[in-house]
Amino acid sequence: MSLQSARVQPHPSPEPAPARRLRPLEMPAPRRRPKLAYAALAVGGALVIGAAQLGISLATTQDAFVLADLTVQQRDLGLEKQALHENVVGLSSPQSLATKADRLGLVVAGSVSYLRLSDSKVLGAGNGADWASTVNPNGSTSVGNALLVPPAAKTAEQTATPADDAQGSTAPALPPTVSDGLPSPTTR
């Protein structure tokens, strides 16, 4: 570049510097106080949620107790049903029925007779039964029925044997009674 061409070009004029945008801080706008209604609504909502959870927890606990009581009642009724069923089985056994019939004075005839209803004709021997039954349910040939008669309790003399006297009692050893806490070994 030559010196002459450098003179011909005008020098750019300096631009004024941009104005600063800084200004002093104004007084902040006063904040509005939070409304008491919103705070009361939030606290009330939390209390309602807590009360609802407590109520549901109590209802669940109460239902658990009711369920436990019903389970115990069901078990007891099941045991009672089983005992009654055993009584019915014992009372409806042929031996029980024969004993009750004998007490009422019924006898077993020797031969079988049938009555035909269409013409009222008796088929078979047609003889009446004698006053003596051919079956004696209480005789010497009867078989004991444990469902009808509970076993007789043994006396102390019947249960004691010489071997028991030598060894002491045959009753199982009971656990020690706990009076002062759990028993523990002595350590040294």
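This is a dialogue on how to read a predicted model of one protein chain.

Biologist: What should I know about the model before reading details?

Modeller: It is a predicted model, in which local features need pLDDT of at least 70 and side-chain atom pairs count only at pLDDT 80 or more, while totals for chains, interfaces and linings use all residues. Residues are numbered from 1 along each chain as its sequence is written, and side-chain values use heavy atoms, with hydrogens and water left out.

Biologist: What is pLDDT, and where is confidence lowest and highest in the protein chain?

Modeller: pLDDT is the predictor's confidence in each residue, from 0 to 100. Where it is low, the predicted coordinates should not be read in detail. Here the chain has a mean pLDDT of 77, with 62% of its residues at 70 or more. Helix 5 (residues 162–167) has the lowest confidence, at a mean of 52, and helix 2 (residues 36–91) the highest, at 92.

Biologist: How many helices and strands are there?

Modeller: Both are DSSP runs numbered from the N terminus: helices are H or I with at least four residues, strands are E with at least two. The protein chain has 5 helices and 2 strands. From the N terminus, the order is α-α-α-β-β-α-α.

Biologist: How do strand 1 and strand 2 run, and how many bridges join them?

Modeller: Two strands pair if DSSP finds at least two bridges between them. Strand 1 and strand 2 run antiparallel and are joined by 4 bridges. Ser113 stands opposite Gly124 in strand 2, and Arg116 has Lys121 of strand 2 as its bridge partner.

Biologist: What is the phi of Ser120, and where is the residue found?

Modeller: Ser120 has a phi near 55°, a positive value in a residue other than glycine. Its place is the loop between strand 1 (113–116) and strand 2; this hairpin has 4 residues between the strands.

Biologist: Is Ser120 buried or exposed?

Modeller: Buried means under 20% relative accessible area, exposed over 50%, and partly exposed in between, using a 1.4 Å probe and protein chains only. Ser120 is exposed, at 58% relative accessibility. Val108, in the loop between helix 3 (94–103) and strand 1, is partly exposed at 40%. Across the 188 residues of the protein chain, 4% count as buried.

Biologist: How many salt bridges are there, and which residues form them?

Modeller: A salt bridge is a side-chain nitrogen of Lys or Arg within 4 Å of a carboxyl oxygen of Asp or Glu. The count is 2. Arg116 pairs with Asp119, their closest N and O atoms lying 3.1 Å apart. Both partners are partly exposed, Arg116 at 35% and Asp119 at 41%. Arg75 pairs with Asp76, with 3.5 Å between the closest N and O atoms, and Asp76 is partly exposed at 38%.

Biologist: Which residues make the nonpolar surface patch?

Modeller: Patches are made of residues with over 30% relative accessible area and no salt bridge; like charges are joined within 9 Å, and nonpolar side chains (Val, Leu, Ile, Met, Phe, Trp, Tyr) within 5 Å. Val112, Tyr114 and Leu123 make a nonpolar patch of about 310 Å². Leu123 lies in strand 2 (residues 121–124) and is partly exposed, with a relative accessible area of 34%.

Biologist: What is the accessible surface of the protein chain?

Modeller: Accessible areas come from the Shrake-Rupley method with a 1.4 Å probe, and for residues only the protein chains shown count as cover. The accessible surface of this chain is about 18200 Å², of which 62% belongs to carbon and sulfur atoms.
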